[in-house]
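Morning, everyone. Let me put the model on the screen.

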Number of protein chains: 2
Amino acid sequence: MVAANEEVRDGVRKRCAAAGMAAALLVAATLLSVAPARAADPLPSWNDGAAKRAILAFVAETTSNGGPGFVPPAERVATFDNDGTLWAEQPMYFQLAFAIDRVKALAPEHPEWKQKQPFKAVLAGDVKGALAGGEPAIAQLIAATHPGMTVDEFRKIVEDWVATARHPRFNRPYTECVYQPMLEVLAHLRANGFKTYIVSGGGAEFMRAWAEKVYGIPPEQVIGSTGVTQFEMRPTGPVLMREPKVEFVDDKAGKPVGINRFIGRRPVFAFGNSDGDQQMLEWTAAGKGARFLGLVHHDDAEREWAYDRTSNIGKLDKAWDEAVAKNWTVVSMKDDWKTIFPPASEP
Amino acid sequence: MVAANEEVRDGVRKRCAAAGMAAALLVAATLLSVAPARAADPLPSWNDGAAKRAILAFVAETTSNGGPGFVPPAERVATFDNDGTLWAEQPMYFQLAFAIDRVKALAPEHPEWKQKQPFKAVLAGDVKGALAGGEPAIAQLIAATHPGMTVDEFRKIVEDWVATARHPRFNRPYTECVYQPMLEVLAHLRANGFKTYIVSGGGAEFMRAWAEKVYGIPPEQVIGSTGVTQFEMRPTGPVLMREPKVEFVDDKAGKPVGINRFIGRRPVFAFGNSDGDQQMLEWTAAGKGARFLGLVHHDDAEREWAYDRTSNIGKLDKAWDEAVAKNWTVVSMKDDWKTIFPPASEP
């Protein structure tokens, strides 16, 4: 009887130990969210091809503890261009659409704009004419609409704009003209311990107003072009004023500079879509160890746009040649992406 | 016999279920590290007083879910000055000691320094004479030693210096002349979901070379003064060159500017020690909700130094008046801190 009970106890104890371990592992898996992330396809909007396989292989390699490509969590830095890489950039940079809408809104306070280009053309609805002035015209539109207010006031204006403005072709908020396949890459990287950064020629404070909500990227991980700001103590308290002076252009050779200034580490993963991203990719590629370098190629006129070597916006020429020569990943929007944009949030 | 076995099985099963739960909770506690952090005194080097109580109360209030002072984890931003707040700044800023050591090391390549101030005085061992030239002399010493190399080369030089240089009074590495009570504050904040940042007038790249090891603060959370850097493509690959041009001075009114540029959110907690931190504290204080504003007062000539309103280094005058008027926390090094520095790492 004693012996029999001992035997029963032993058997139960073994199963009991197994059950205890299972419970512990279940809690561990739930807390770490490891098991579910690996079980499903983390990139469902990507067709099975070289690009998708390269992304998945890089993440698997860099997170495989003890493996030759392992990257410690603190060094898992991934940088993404924004315009043309995370969201669309046609028929014009979305921030320029914002500036044009601001010119229209501010026109009553600026009667002189009726006689002055590029404002005159904007107010006549002739955007093409306004932009015929090239970079200087664009700079004028930005300078007339971005400074002269506090950083908090600017943020509020951007928030209101993204909540109401609609993309002319897709008739949905600009913040929904983001690439679903890239949202999945961001999420997959973060689920594997990567810090995801935006490194964009666009305005840092323009992007920070919505990047956390749209991409899950917090303001401190948004690197972009900046204007000078000035601290002022007012009777109502301190403010930071946006001055009409460019401080930093986070484009081309400015991208590695911005990365070094803000992150202070070299990325192991970088994704862009144009020659403006070439130096970021070169800087990333030049580090030791496993690397992922990616370029989105806009070759899908039907679902989005097709443009590359001769485009005024998002020109992809030299960076493309370098990508081919160095075996970086070039994503064909047409062939690699099952869908372009996320489902619409409204009917 | 069957009944008896059933009874035994039931008893074991109950204990087994309890054991499984215990195992699960143990794993959960280990993974979240919550229980141990709350159980012990998180600030053992602080005497029980108003300053310690204010820090603990702030953390408890801001992390109390559902409470009136609750701050969501994403917004738990804490900023710390470095010189005089996290580590000592006497008899001179440690980065200046670095510049002086570099002048000595580089002297063979600069025979002209023998006839030129402030270098001549430095090389004659007359640091006081060298610094008699004030800010311009200091700027010359920095300009002669900090630029003209890649960011990677500079980092290596700083790493080598902190590994070998010794503080003249305490005869231990400068990186051990850090304040043990403040290390505990950093750790307590991080254990409660805060992101800890350095916001210092010191050089960002100088601090980044050791801040992670010494404070647990990663490079991307180190905000400081910067020089211009330039991307260059060399035959051996891309480099970032440090140019002889100041880009940004992260001091006084520059601190809120730097905070906005790098973090893009207003801190809820800020700690400094001098008038150079006043605007950072004002900017932090002006936000809505629970706030902690702290100043370290150096009033301990025996264990460290005593200086405030009339000091050339770390002058604490106007910020002190504002702290008293607004009920910010002023820490008395003498009365609030049981110990100043951590135990020595070497005999």
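I'll take a sheet in chain A, then a helix pair in chain B, then the cysteines.

Ground rules. This is a predicted model, where local features need pLDDT of at least 70 and side-chain atom pairs count only at pLDDT 80 or more, while totals for chains, interfaces and linings use all residues. Residues are numbered from 1 along each chain as its sequence is written, chains are lettered from A and ligands numbered from 1 in the order in which they are written, and side-chain values use heavy atoms, with hydrogens and water left out.

The sheet. Chain A has an open, mixed sheet of 7 strands, ordered E4-E3-E2-E1-E5-E6-E7. Strands are DSSP runs of E, at least two residues, and helices are runs of H or I, at least four, numbered from the N terminus. Pairing takes at least two DSSP bridges. Which strands stand at the edges? E4 (237–248) and E7 (329–332) of chain A; each has a single partner strand, so one side of each lacks a neighbour in the sheet. From one strand to the next, the twist averages 30°. E1 (77–80) and E5 (269–272) of chain A pair parallel over 3 bridges. There, Ala78(A) is bridged to Phe269(A).

Now chain B. The axes of H4 (94–106) and H8 (151–164) of chain B come within 11 Å and cross at roughly 100°. Axes are lines fitted to C-alpha atoms, for helices over the stretch in contact; angles run from 0 to 180 degrees between N-to-C directions. H4(B) and H8(B) are therefore roughly perpendicular, meaning 65 to 115 degrees.

Last, cysteines. With sulfur atoms required within 2.5 Å, there are 0 disulfides over all chains.

Methods:
Angles under 35 degrees count as roughly parallel, over 145 as roughly antiparallel, 65 to 115 as roughly perpendicular and the rest as oblique.
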